[in-house]
Amino acid sequence: MSPDAQARRVATVDVGTNTALLLIAEPAPGGMRVCATEDRFVRLGAGVDKNRMIQPEAMGRLRDALRAFRAIADEWSVADIVVAATSASRDARNGDELVRFVREETGLTYEIISGEEEALWSFNGALSGVPPRPGPVATLDIGGGSTERVLGQWDAGAGVWQVVDATSINVGSVRLTERFFPTQPPPAAAVAEAAAWVERELASADMAVPSDALLLGASGTTTSLALVEAGATAWSDLPDPLPRIDLARIGSWRERLLAMTLDEVLALNPAVMRGRADVFPAGVLILETVLRRAGIASLRAAHRGLRHGLALRYWRDHPAR
């Protein structure tokens, strides 16, 4: 470990609609060295789709998670802590109140990033562990409140992945669950209504992916499905660092999950489903619909994402001296 790398060690936090994800990393030859990660299910977006407000209870859960993350970051002697928030915070009418609350309760700056910024850095984060390759690449990030599709390619001259096109839509697993699924399993009519809504939203967005592109699923939905399929609880237990998931299997999981109770979904893999068992079926419905509409037969799951991209952004903005 070089002194310069340790001096530029950073903690990044991705605050989504369902989860708050911590990464502690430092620059390394060819990318980054991951020092530590931590996940908390804060469900910040509870009720936001209906009321456009972050609820006090959700703020409290976020405060507790960020305080715990700050303690971990202090143990690692990081140079800085970057907190970036996505869909739920963007949608909420009391976003300014949330920014003040986080600053007063944790001392941290709470940055609410745009859908375009989220797409850009999720893309770079997902590809941070992928060797350069010719041809197009794409990432699909299904969050709790929104879904981002990014197209790009490797720029050999600059030595970086370059974004060519990005699309962000307000379709996510928490939003879909709260809007359409009153029970688990949901009634057949509710599933049909939810699927039709997703189809309509996708019809108004360009989610196309070139047939020869490497497509990575950079979201909790995709990584969780890969782990459930393999019966694993940790990414390091998988034989393939970018496991392939076929559309036919995703379709099969969609049907199976939407017929299961909460306890049955949780029992599939308690370590992985904790905190997401109620919204996981909706996430798989979205994943299957996006791939089917785009004519994509499979994708590969990537366990890196926005928090890794935030570290890359930080090092870009704070170059080595």
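Modeller: In this predicted model, helices are DSSP runs of H or I with at least four residues, strands are runs of E with at least two, and both are numbered from the N terminus. On that basis Ser77 is placed in the loop between α3 (56-75) and β4 (80-85).

Biologist: What makes Ser77 count as exposed?

Modeller: Exposed means over 50% relative accessible area. Ser77 reaches 52% relative accessibility, so this residue counts as exposed. Its backbone deserves a remark as well: phi of Ser77 is near 55 degrees, a positive value in a residue other than glycine.

Biologist: Where is Arg43 found, and is this residue buried or exposed?

Modeller: Arg43 is found in the loop between β3 (31-41) and α2 (48-51). Buried means under 20%; the relative accessible area of Arg43 is 18%, and therefore this arginine is buried. Phi of Arg43 is near 45 degrees, which is again a positive value in a residue other than glycine.

Biologist: How do you know that Ser146 is buried?

Modeller: The relative accessible area of Ser146 is 2%, and the cut-off for a buried residue is under 20%, so Ser146 is buried. Ser146 sits in the loop between β6 (136-142) and β7 (147-155). From C-alpha to C-alpha, Ser146 is 14 Å in space from Arg52, although 94 residues separate them in sequence.

Biologist: Why is Asp263 called exposed?

Modeller: The limit is over 50%, and Asp263 has a relative accessible area of 58%, so the residue is exposed. Asp263 belongs to helix α11 (residues 262-268). Its C-alpha atom is separated by 9.1 Å from that of Asp278, 15 residues apart along the chain.

Biologist: Why is α9 described as largely enclosed by the rest of the structure?

Modeller: Of the 11 residues of α9, 8 are buried, so the helix is largely enclosed by the rest of the structure. The buried residues are Thr221, Thr222, Thr223, Ser224, Leu225, Ala226, Leu227 and Val228. Just after α9, Gly231 takes a positive phi of about 65 degrees.

Biologist: What makes α8 oblique to α13?

Modeller: The axes of α8 (residues 188-203) and α13 (residues 280-294) come within 10 Å and cross at roughly 45 degrees. That angle makes α8 oblique to α13, because angles under 35 degrees would count as roughly parallel and those from 65 to 115 as roughly perpendicular. The crossing of α8 and α13 is right-handed.

Biologist: Which peptide bond is cis?

Modeller: The peptide bond from Gln184 to Pro185 is cis, with omega near 5 degrees. Pro185 is found in the loop between α7 and α8.

Biologist: What is the volume of the second largest pocket, and how many of its lining residues are nonpolar?

Modeller: The volume of the second largest pocket is about 440 Å³. Among the 19 residues that line it, those closest to its centre are Asn124, Gly159, Val160, Trp161 and Leu312. The lining has 12 nonpolar, 6 polar and 1 charged residues. Its largest share, 4 residues, comes from β8, while α6 (115-126), β8 (160-169) and α14 each supply at least two.

Key
Residues numbered from 1 in each chain as written. Predicted model: local features only at pLDDT ≥ 70, side-chain atom pairs only at ≥ 80, totals over all residues. Heavy atoms only, no water. 1 Å grid on protein atoms, 1.4 Å probe; cavity = no way out; pocket = protein on both sides within 12 Å on 5 of 7 lines; lining within 4 Å. Points joined across faces, edges and corners; volume = space filled by probe spheres on them. Nonpolar A, V, L, I, M, F, W, Y, C, P; charged D, E, K, R; others polar. Buried < 20%, exposed > 50% of the residue type's maximum accessible area, 1.4 Å probe, protein only. Axes fitted to C-alpha atoms, helices over the stretch in contact; angles between N-to-C directions. Parallel < 35°, antiparallel > 145°, perpendicular 65-115°, else oblique. Left-handed = near helix turned anticlockwise from the far one by under 90°.
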